[in-house]
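Got a model open and wondering where its labels come from? Let's go through some of them, asking each time what backs up the word.

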Amino acid sequence: MNYISNIFKGSAAFVMATMLVSCGDSFLGQDPLSFYEPSTTYSNEAGLKSALSMCDKELKTIIMDGNGNVIPMASNYNMSDIGLYAKTDMGGGFQDNFDAKLTPTSGMNGGGDANAMQRFWDEGYTGVKYANTVLSYVDKAQGLDDNTRNIYKGRAYFHRALRYYYLTLQFGDIPLVTNIITKPKQDYKSTSKEAIFKMLVNDLEFAVKYVPSQSAMTDIGMVNKEACLHLLAKCYLVTGQYDKAEQTATDLISNYGLHLMENSFGTFVAGNQKTWPITRNVLWDLHRGENVCDPANKELIMPILNFNDQNFTGYSLMRACFAHWGNGVIKDPSGISPAGKNIARNNADYDENNDWVRSIGRGIGCFRTSKHYNQAIWNVDGTPDYQDLRHNRSVGNWVEMEDIRYTNKKSPYYGKNFQLYATQDYVDGTGKTIVHKGDLLCGDTIRSWYPTPLYQCYILDKTAEGNLGANQFNGASTGSNGNLYLFRLAETYLIRAEARFYQGNTTGAADDVNVVRKRANAKHMFTTVTIGDILDERARELYMEEWRQPEMTRVAWCLAKSGKPDEWGHTYDIKTWDKQEGTDRTGGNYWYQRLINYSLFNNGAIQSNGISLEYKVNKHNIFWPIPNSAITANTGAALRQNYGYDGYSESTQMWTNWEDAVADENK
Amino acid sequence: MEYVNLSIMPRKLFVLMAMAAGCSLTPIDAMALDAVQITQQANSIKGRILDSAGEPIIGATVKVKGSKTGTVTDLDGNFNINAAPGAMLEVTYIGYKPQMVKAGREFLNVKLAENSETLNEVVVVGYGTMRKKDLTGSVVQINPSKIADQNPGTVQDLLRGTPGLQIGYDPAAKSSASIQLRGQNSLYTDGGHNSPLLILDGMAFYGELSEINPDDIAQIDVLKDASSAAIYGAKAASGVIIITTKKGKSGKPTINVSANWAANTKSAYREVFNSSEYMKYREDWYKATTYGYDAAGNWGYYGATSGTPAGYYDNVDNLSQYGLNADQWSKMGSVQLQSGETYQSLYARRLKLNEAMNVYNNYLAGKTYNWYDSTFRTGINQDYNASISGASDRVNYYASFGYMKNQGVVEGNDYHAFRSNMKLNAKITDWLEMGVNVNFQDRSDGDIAVSLKDNYWENNQTRNSPFAPITDDNGNYVQYPMNGTPTNGGYNYWFDRQYLNLDKGYTVLNTIFNAKVTLPFGIIYQFNISPRYQWFYNRYFMSAELPNSSPASRGADRETSKDFDYSLNNTITWDKVFNKDHHFTLTLVQEAEEMRYWDDRIEARNITPSDALGFHYISGANMDQSNFSVNDTHSTAAAYLGRLFYGYKERYMVTASVRRDGYSAFGSNNPWATFWSLGGSWIFSEEPLVKKALPWLDMGKLRASYGTNGNRSLKDTYLSLSNLKSDGSMVYYNNGNADIVKTLSMSRLGNPNLEWEKTSAWNVGFDFAVLDQRLSGSIDLYSKKTNNMIMEQRLPNYTGFSSITTNLGEVHNSGFEFTLNSVNIKNKDFEWTTSAGFSYNKNTIKHLYYDYDANGVERDDTSNSWFIGHPVGEIWSWETDGIWQKSEAAQAALVNQKPGDPKVINHCTDDDKVLTDGTRVPVYNDKDKVFLGTTNPPIYWNLRNEFTIWKDLTFSFSLYSYMGHKSLEGYYLNQDNGGSMITNAFNVFKKEYWTPENSSNTYARLDAVGPTGCTSVQKLHNRSFVRLDNISIGYTLPREWTRKAMLERVRVTASVNNVFTIDSWEYGDPETSGLATRAFNLGINVTL
């Protein structure tokens, strides 16, 4: 009996164990613990706000990747009239011959020492996703009134428009994505750049209607109406609505309490004042990260924020852009090299009166300026205008190589100014002539000899400043205030100048250019301007602030569309401006003409430091290639490659109406 | 009389149970019982059954031939049977050859010989065991004792050499090699997706193999075909490895102690240049920047357009070829002799040694340091184990403790583990048996070793110049050996090591409890539960005292995580033989699992006022710069299954199983799936006709099976859900203050329809033994199809998502395996056995996204290198074709290349650019890419030879080989100046390269580039290799000696691992692509 009862007990245990884990589907239910699900999280305003803040945050990560020698931003200058790639020890990765090196399958990188062109594709569309996240969920969120909903939409439209503005000007005809996909889609067709810009105008017109003006907002750094107006004005230019562009710019200039800063303001921040003293002036103060969001700054339209440890990205602007003055290729007139040294404060050789690395940064010359930028555009009647605050050496805003002083303690020229050529023979103690008069004292003038617009690019490197052993002052580092301008009123004037120019009002355009010049205390005032003058003024005013190549592409496009001539009298056909190939001197588009006329491009090989370089672009390089990876991932349809690149075909279909592209997405 | 009978009954039952405790109730036992009817007769014969070692055999069946009389031996191997003297007794026991003995009047001592015919071995088949004879699937049994002389440090070492199993190779101190069975099933690779399921003592084991001490393993069974594995359904698509640990043997307690030591040396890795080679390389590097045509139109160094005077970079001793004297040489070009400077210094400056002042100064002073020697060492491995085991009437126990401390060949690469195992089985009553198995491990995880990473931004001290000093004049380590400054200053592990501390590891408790109830009618009920607890701790300290570091990024990491998983099952087994010939075994199982994980991580940074307390104090951290995060997960699984075995006349066998599996990760829509299998086998050698016709055939068996399996191994159990993850903060200004908003962004596109991946497979096998068991082996043919693969379907990244996890595609694996064991020579003093295995696997992608072009051809996924009709790992690339030579400079220039650059075959000429003068310029794009082979070896073979001399001395060697695979490599381009490494005077790996004087058609010039369109084109290499994996010698000291010292058995062993390889790969070891080690082992094993 005992046996039987035990069997009973055993069976009971079995039944209980079975029931314990009775495996209905509830036992297998999913149980997400440490992450949110979109449908529940984006259902209220707090969720939407966290999504929208990603858009704001990404404004900086498009142009900064936190490391690397070559900042991503520089990729917008490598193929411009005012900049050149300069990292001469890059071997096969040297960015000179874009004609040969830039193809859909190679030449574009996500970052690193060569370029970050692919990054602009990737980050551009990431930004589109962030904006689309808001737009896909905003109508599902609960507890928002219509007005609040529209503000979210408007801000998201702004962010999406900004990403597409650059994507289109960099990559031409591209796929248009306007929502978060709910199932895999791999049959995108490209949408024409014209059609995309029509959508941007449409979206931004909505945005300016609902997004509040900064005066009605508490937070600085969120999208405001002013930024929407500014971008809308640019988009009106592209779509040929010059009158609307002018009106919009005028509205922004007149009605929102903004004005150009005329006087010094905010906090004074500078490097070693004993070595390179800065005389406080409005342009110096205007460009300090500490002052970008100062309440007194009425020139700010919208900032790129990078000031807080909780959201900080390193930005080695000084390292990437400034001349590589502290290396062995520069020798002093007695033949000693390196003639310039980065000396840390805890070094026995430290001299606070000759502390250049803290004053002008530890440049490594990855990216340099062209002669057009650093000389030609400042010349008035053949002499450099040093009165212009943007080119002013005496206040310290601008540093020529000859302003730097030798810092090698072994040098008899210690503390004397750099010179490019020896002015006399140098004979050593044994009577041997070491340096002859006229000798070139810099072995690599590409990388190590060019002036520096310090006022635009100086950033107090807080991490290095806090470390007495630091001999590298690179730019924004943890603790620094690395705020930058996204949009600034000075550019609004220059946009209006363009709008007036395309309408034939060259004197009105000159007035707008002069507003900017006057504030900078420039010598010369225009009575009438060419499109070249406007682009030159943009170069003077917006160095490392505007995205130079895309903006040049926009101007080339507008110029072809308006039919107006450039400064040489050439006109461009809107049908062919983006469909030409070749590296010859004629034709192409306005972007191409500026590159070959104002910079080193397509002038044959040059020698620097024993290395042969050939800066070369093709007319078709005005647009970068659609990355091959994007084409191959889109297996169900062909994306259109840009003209001149391997894979281009006129017969590849694309949407020429943005509504059709959107309808295709939702089908 | 009845009384006696009754007293025997329980005893016999117990013996049976004791056996069943380890291997469950096997059919033969049941039959043996049935067949034996005990009747008391007048004459009783007493005797004892022993094995070859003289140990008693418990539970052996003793039968009087031709009658129904029989009995079973007791715990001491004794039996007492009613038989008349002169009767023939038949003694049988599993694993031993049956023996006939004539009963006499005296006490009978019978020694059973072990059966080399392994067919009767008991094989663990999942939720039960079977005789190997009855198997219908493909199962391989591994007996670890066979390679005990090698002192296998890991379970992987035991598995290596099994046909069909591909075991990787890991040179690190811990040595955690990968395992794959019969090819890569799926294109999904995260979460150990293509690794076999591990079963430890009957329960699914989710730990890592290092937790199991190879010394504790009694037997490993590998289920290779779908039908055997189907019983594990959901997790068994990549096969099942079943590990059974040792248990106690009855008799006196056995104590076993072993100690092993090994010297671990580097056997393969790329060398770096020594000081003179380094200078020569630098000279060549800078000369290579001057390539061009000279005034006479010849191509070479110092081309006219380089602007560099001929001889400029050459050493002053080497000027005659340029017609220069030292004075002329010193005054030409951009860097010229300075006041009071030596020629040597000028030479150094022209080669930019002065970019790194320490290097420059030491070069002039002639001081060198060997950074390579400072990186590698001879590591000492230690492995100590002790176990005690035994069994009494009702209790069987085994307990062990092991300590392992390994040093890798790279400085700082250390690993240690404590492992213990306690196993207890007790028979409580006649019908109830309970067992417990506790596995404990404490192991280190990770270390602070010298890094061998070779991206330019990574720290790697082997790249320091041979002139860079490790210490200053005072003997203190130098932080920046190259130039003394933080930028491009080089890296000194020994300096940085002073500011780092790590305490990281796992503590694991894996437990198994089981209860077994014997019910009437031959039914056995079992309940098993295996709770597993794993605790992970990570304490890492980076001192902010490190000079030139930023306190904001230095401090302490404190992380702990805990896993708590359990799986439980209820199993009913019913085993019955009808009419002698019809044998049924039915198994029914219900199973449930729950996995939970909690992880807490703190990254404390900038600890003030001082970080002197290391990772023990974090309260002083700067909160803005610090971080904390958690990650918890929870998943569940359930299953129901049934299996029926039917055997007829012990010749015809059929196994069928069905299993229904559920797993929480598979969406809200498809958590359940059903898997089934069918297998049959025929022992044709038992057919009377065959027996007659083929007397030399000891055994012949044909097997065929088909089955389906699932796969649920995923990177993340929440893969089917969209997520919103924290992307840090966005900080706005609000009236001048920071307004912090926590951001969220979607990084994963959910897929509620995600479901089980399915693999179906058939297997046909043939097992044989001939010539009196001297030659035996098996052949298996298989074909597997995996569809509904868990796949990261690539999406165009402009959608914002680069992929979505979905069920797509189809991959086939088919192949064959061949095993052969032979006893070549066997006599009293010498035995030579050989075992060989060969396997071939053909992997083919059949479908990917079911996405067809206009011609109805399914599209490839070029970005992942997945091509329809080709294997996973197919290489699709441009094909190099030697090197441009000097005479071809003009042709090379067309595609922006120079002599010394690699030529690339222009497979597609339709898209060539035709210049106005008619010259065709090749355009390189995807159209020029061709299929070049696969990176996964299709062929594996191994060979092992063992020699036993005078029974006590054994010698063995084994080798294995992977063949038929290839790889690409870009080293030959010598693009060494990434990150300005050359400019800053760093050293590089020793290499050959093309120069104008020493041209080559294999190696490219320094800083070579491919043609436009494929500037970094890689070169193809054959990666086939043969490795002499092990040579060992073992010797058991004569017992007459050891017994005097009260020792049962003392064995000493010596072996060498990784003796050599035969291969054509020149960049290190052919299997790892880089580092490999060779170990010299010594061991001693003592049994008390």
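**Why these labels?**

The axes of helix 21 (residues 548-562) of chain A and helix 22 (residues 590-598) of chain A come within 7 Å and cross at roughly 125°. Keep in mind that this is a predicted model.

Q: Why is helix 21 of chain A called oblique to helix 22 of chain A?
A: The axes cross at roughly 125°. Roughly perpendicular covers 65 to 115 degrees and roughly antiparallel starts over 145, so an angle between those ranges counts as oblique. That makes helix 21 of chain A oblique to helix 22 of chain A.

Q: Which residues make the contact of helix 21 of chain A with helix 22 of chain A?
A: Helix 21 of chain A brings Arg548(A), Gln549(A), Met552(A), Val555(A), Ala556(A) and Leu559(A), while helix 22 of chain A brings Tyr590(A), Trp591(A), Arg594(A) and Leu595(A). Sorted by class, the residues of this contact are seven nonpolar, one polar and two charged.

Q: What makes helix 18 of chain A and helix 20 of chain A roughly antiparallel?
A: The axes of helix 18 (residues 489-502) of chain A and helix 20 (residues 531-541) of chain A cross at roughly 175° and come within 10 Å. Angles over 145 degrees count as roughly antiparallel, so helix 18 of chain A gets that label relative to helix 20 of chain A.

Q: Which residues of helix 18 of chain A meet helix 20 of chain A?
A: Among them are Leu494(A), Ile495(A), Phe501(A) and Tyr502(A), and the residues they face in helix 20 of chain A include Ile531(A), Ile534(A) and Arg538(A).

Q: Why are Cys55(A) and Cys442(A) called buried?
A: Buried means under 20% relative accessible area. Cys55(A) has 0%, so Cys55(A) counts as buried. Cys442(A) has 1%, and therefore Cys442(A) is buried.

Q: Which residues are buried in helix 8 of chain B, and what do they pack against?
A: In helix 8 (residues 357-365) of chain B, the buried ones are Val359(B), Tyr360(B), Asn362(B) and Tyr363(B). They pack against helix 5 (275-288) and helix 7 (343-350) of chain B. Just after helix 8 of chain B, Gly366(B) has a positive phi of about 70°.

Q: How do you know that strand 34 of chain B pairs with strand 35 of chain B?
A: At least two bridges are needed for a pair, and eight bridges join strand 34 of chain B to strand 35 (residues 737-745) of chain B, running antiparallel. One of these bridges sets Lys725(B) against Ser745(B). The two strands form a hairpin with two residues between them, and Asn735(B) in the turn has a positive phi of about 50°.

Q: What makes strand 4 of chain A a partner of strand 34 of chain B?
A: Two bridges join strand 4 (residues 219-220) of chain A to strand 34 (residues 725-734) of chain B, with the strands antiparallel. A pair needs at least two bridges, so this counts. Asp219(A) stands opposite Asn734(B).

Q: Why are strand 10 and strand 14 of chain B at the edges of their sheet?
A: The sheet is open, with five strands in the order 10-15-16-13-14 (chain B) and mixed pairing. Strand 10 (139-142) and strand 14 (203-204) of chain B each have a single partner strand, so one side of each lacks a neighbour in the sheet.

Methods:
Residues numbered from 1 in each chain as written. Chains lettered and ligands numbered in written order. Predicted model: local features only at pLDDT ≥ 70, side-chain atom pairs only at ≥ 80, totals over all residues. Heavy atoms only, no water. Axes fitted to C-alpha atoms, helices over the stretch in contact; angles between N-to-C directions. Helix = DSSP H or I, 4+ residues; strand = E, 2+ residues; numbered from the N terminus. Parallel < 35°, antiparallel > 145°, perpendicular 65-115°, else oblique. Contact = heavy atoms within 4.5 Å. Nonpolar A, V, L, I, M, F, W, Y, C, P; charged D, E, K, R; others polar. Buried < 20%, exposed > 50% of the residue type's maximum accessible area, 1.4 Å probe, protein only.
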